[in-house]
Amino acid sequence: MTEAEKLNIKSFLDQDERKDLLRILTAGSVDDGKSTLIGRLLFDSKKLYDDQLTALERDSRRMGHAGDDIDYALLLDGLKAEREQGITIDVAYRYFSTNKRKFIIADTPGHEQYTRNMVTGASTANLAILLVDARTGVITQTKRHTYLVSLLGIKHVVVAVNKMDLVDFDKNIFDSICYEYKNFITDLNIPDINFIPISALKGDNVVDKSERMPWYNGKCMLEFLETVHVSSDRNFEDLRFPVQFVNRPTLDFRGFSTTMASGIIKKGDLVKALPSGQTSTVTSIIGAAGEQEDAFPPQAVTVTLADEIDVSRGEMLVHPDNMPRMERHFEAMLVWMDEKPMNPNIQFYIKHTTNTTKARFDQIKYKVDVNTMEQSNVDQLELNEIGRVVLTTVKPIFFDPYRKNRQTGSFVLIDPLTHNTCAVGMIIDKLSDKDLPSKIVDKDREKIIRGEALISQEEREMRYSQKGTTIWITGLHGSGKNNLAYTLERKLFELGAVAILMDGSTIRSGLSKELDYSPSDRAEHLRRVAEVCKVLNDQGVIVICSFISPKDSIREQVAEIIGKDKFNLIYMDASLEFCKNHKPEFYQKVDKGETVHVPGIDEDFEHPLNADLILKPENEEENLDELIRYLQNGKIFPIN
Amino acid sequence: MKKYNLSHLRELEAESIHIIREVAAEFENPVMLYSIGKDSSVMVRLAEKAFAPGKVPFPLMHIDSKWKFQEMVEFRDHYAKEKGWDLIVHYNKEAFESGVGPFSHGSKVHTDIMKTQALLEGLTKHGFDAAFGGARRDEEKSRAKERIYSFRDKFHQWDPKNQRPELWNIYNSKVHKGESIRVFPLSNWTELDIWQYIRLEQIPIVPLYYAKERPIVEYNGALVLVDDERMPKELAETAEMKMVRFRTLGCYPLTGAVESSADTIEEIVEEMMVTTKSERTTRVIDFDQEGSMEQKKREGYF
């Protein structure tokens, strides 16, 4: 090697070290000539070696789809099974470089059933090449790919109108395809769109400008790829430093390592740690080549802070005046990646930046048809389906909308059982936390507003094996109501029922303390009791009530409040004679006129005509059994 | 205003460091497989950078087939000592003692027993749940679709149909007990990137990569170095001194040299750019059958 040559290679390497990197997504099916295009870019940029080329020529003859020409597609299909099927079913990464740039191509298949592969390839791409067959123009697949490119936030699109050789390099055909595509794309958020007429097979406008399309004034494919400006696509405004690794080799050094998600961090910057809110100053930044003054994405750095503040992996450093959203609750576009359909009722792991927590679905707002972009309501998402969802996480996450920040706006969901990556999501900036539905779904919210429980009557009945009803025992003072009520409560307790007992003296000593025994106060007193019964019955509890409740009108009102189906009127049919013997002290006071408003004496006691069960106090032994039988027969307790 | 723009090498470097840190943060017991080759040397340098000023928080493991070039072993021991690496050297003791080798058993049996089996044995013995490897996607067609986190079942087997999607730079590290991953932080590097980085960072590499007069025999259609006395005498006697270098390093009887006078990185790169043979053609094991790498990967080879 001469000295001049040595100098030459040195300057080549010096220059080459400074080249930047462009990540490209290509999507399309075998028929589009996508693989042919990539193969040609690789071939014509001299990336192919002799032995690969010899193998390629051999394979082309044996299993190619390009007639006598070299089938560049064969170069790309790596795995045996795929080669046999003649389709590319996964994301394949290709590498080539020119004097100006290094390129990584994420090569993905085009069919709808490979949406997940395309989404994967798109996630890291700066630019997408979409192939359109000049003979067919913009088809459903083109629209689907464009939608996915927009969904994944790729800012630059090149529409390669391929197979121009088959339409006689006709400018009008090219123009009408451009026109049609522009019309369709207006709703989608892609800032930079370009059209290039090519023939991948023949090489027109791929690596060199074609002389067969003099009407085309733009750049050929390779030149375009070499010059498109992408470095300003990164977010340099909002500092997001998601702590990836706490580096603590000695007691004197405590560094926080990460790959800069966005924004710029400088020595001396005041930073705030999330979620603690503690602040400190950046004292040093260690990059891959040692100490540096500042750091920007996508550099991988370690910073040290002036103060001992509490920061661990999954937490974030930011500038105090530029905060991300810090919430547990957000909305996202989700792509389902797993063969196993979504189970919307379980918790998933969510990995967002360096932070892993758990998340559950609150709502699937709609599913998007990737071909028509129409929305529909669904209960779950299946493989390759895309939908808009609302999620709640266990720990808060620190995010920005995906449109603003690809790094802090993206996440993956991991199945808790299989550990597969089952879905990927892009966070939407739309509703504030409080306006989003949570697992208490819309219907429930209305119920709560109405005061309806979220546990249904059926669920309560299943749990307690009983109907929430009221056993209302009426009868004269001293008729033995309380005796029956208390023994019933004991018996039900033993049988496992959930029952509560209310009687006159308990309620009058508290809830109805200010009321006396006048008819109007008595009515109010019993109204209160009935309201309590209703609340308890609604919650599935059996209530045993022992109240004189002397008039039909009062008992009617009580039944009304509680609900007639839950109101069981038990009449303890005792003669005044019996009562006087049973409670002599009370009736002596009545005789002396010391106690007034006593039903059966100075007030009417109306014998109930509509009682569900009439018992005689003399049959004390059997009354309890009869009442229990009544509850059994009425399927009040137990239900089964 | 300052331009915030990274060169492709610095971007690849950052990406690799991200991956290495992520594994260190999320796995219990990672290991970095060190093959002594140029890619391994780059990978180890990236790991050192990822945790600077601290030490790399996991060990390196070399699977020694016992048929490596002597210069490789010297290089390994020298740098392990100088840099203070926590280095494990593992080999298939039983097979070694019973005399398995490429000359007596052929490349296929030797590779299977002394490399693949030894690797699985080493991983199992130490219970590693993540193992870094220096493989690149541009090496071979079947690697183009390899994930950065490549999942292996309890038997260290790779199922091409059952790999997880990888989006953005978010890697799913959930594995069940007994399962493990292989991690390829250099996935997006090309051979040229590796050389440029070695040049930029002045990373030491085994001198075998540079051209020198060496005793060479022709064996199985490849130029093979007479590295020790285990080469059959009648073969070794045919040796001629040739100016050669090695593009890849492995077991000396299975690694072909190329005739070359390139003794600097610049010359190597220049040679590489005008060369007409891809890197792996100097590896004897690839020629077996179509899709052979894929087959080996399924069985647990890197």
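This report describes a predicted model of chains A and B, beginning with chain A and then turning to the interface and a sheet of chain B.

## Chain A as a whole

Chain A holds 18 helices and 28 strands, and of its 640 residues 56% count as buried.

Helix α2 of chain A, which spans residues 34-44, is mostly covered, with nine of its 11 residues buried. The buried residues of α2(A) are Lys34(A), Ser35(A), Thr36(A), Leu37(A), Ile38(A), Gly39(A), Arg40(A), Leu41(A) and Leu42(A).

## Strand β1 of chain A

Strand β1(A) is mostly covered as well, and here nine of its nine residues are buried. In a regular strand the side chains alternate between the two faces of the sheet.

Strands of a sheet pair through backbone hydrogen bonds, either parallel or antiparallel. The pairing of β1(A) with strand β3 of chain A (residues 101-109) is parallel and extends over nine bridges, and within it Arg23(A) stands opposite Ile104(A). Strand β4 of chain A (residues 127-133) also runs parallel to β1(A), to which it is joined by four bridges, and there Thr26(A) stands opposite Ile129(A).

Asp20(A) lies in strand β1 of chain A, which covers residues 20-28. Its relative accessibility is 16%, and because buried means under 20%, Asp20(A) counts as buried.

The side chain of Asp20(A) makes a polar contact of 2.9 Å with the side chain of Arg101(A). With residues up to four places away in sequence left out, Asp20(A) touches Lys100(A), Arg101(A) and Lys102(A) in chain A, and Leu6(B), Ser7(B) and His8(B) in chain B.

## Ser199(A) in a loop

Ser199(A) is placed in the loop of chain A between β6 (192-197) and α9 (221-227). Its relative accessibility is 1%, so Ser199(A) counts as buried.

The side chains of Ser199(A) and Asp165(A) are joined by a polar contact of 3.1 Å. Apart from neighbours within four places in sequence, Ser199(A) is in contact with Asn162(A), Lys163(A), Met164(A), Asp165(A), Asp204(A) and Val206(A).

## The interface of chains A and B

The size of an interface is often given as the accessible area lost when the parts come together. Between chain B and chain A the buried area is about 7000 Å², of which carbon and sulfur atoms give 55%. Tyr4(B), Lys145(B) and Trp168(B) together supply 14% of the area that chain B buries against chain A, which is more than any other three residues. The contact takes 71 residues from chain B and 90 residues from chain A.

Nine salt bridges are found across the interface of chain B and chain A, and in a salt bridge of 2.8 Å, N to O, the side chains of Glu22(B) and Arg313(A) meet. Between the two chains, 31 residue pairs are in polar contact, both residues being at pLDDT 80 or more. On the side of chain B that touches chain A, the elements giving two or more residues are α1 (8-26), α2 (38-51), α6 (191-201) and α8 (265-274) of chain B. The largest share, 15 residues, comes from α1(B). By residue type, that side of chain B divides into 27 nonpolar, 17 polar and 27 charged residues.

## An open sheet in chain B

In chain B, four strands form an open sheet in the order β8-β7-β9-β10, with antiparallel pairing. The strands at the edges are β8 (222-225) and β10 (258-259) of chain B, each of which has a single partner strand, so one side of each is left without a neighbour in the sheet.

Strand β7 of chain B (residues 212-219) and β8(B) run antiparallel and are joined by four bridges. In this pair of strands, Tyr219(B) has Ala222(B) in β8(B) as its bridge partner.

Conventions: Residues are numbered from 1 along each chain as its sequence is written. Chains are lettered from A and ligands numbered from 1 in the order in which they are written. This is a predicted model: local features need pLDDT of at least 70, side-chain atom pairs count only at pLDDT 80 or more; totals for chains, interfaces and linings use all residues. Side-chain values use heavy atoms; hydrogens and water are left out. Buried means under 20% relative accessible area, exposed over 50%, partly exposed in between (1.4 Å probe, protein chains only). A polar contact is a pair of N or O atoms within 3.5 Å; within protein, one must be able to donate a hydrogen and the other to accept it, and residues adjacent in sequence count only if both atoms are side-chain atoms. Contact means heavy atoms within 4.5 Å. Buried area is the accessible area (1.4 Å probe) that two parts lose on being put together, summed over both. A salt bridge is a side-chain nitrogen of Lys or Arg within 4 Å of a carboxyl oxygen of Asp or Glu. Ala, Val, Leu, Ile, Met, Phe, Trp, Tyr, Cys and Pro count as nonpolar, Asp, Glu, Lys and Arg as charged, and the others, Gly among them, as polar. Two strands pair if DSSP finds at least two bridges between them.
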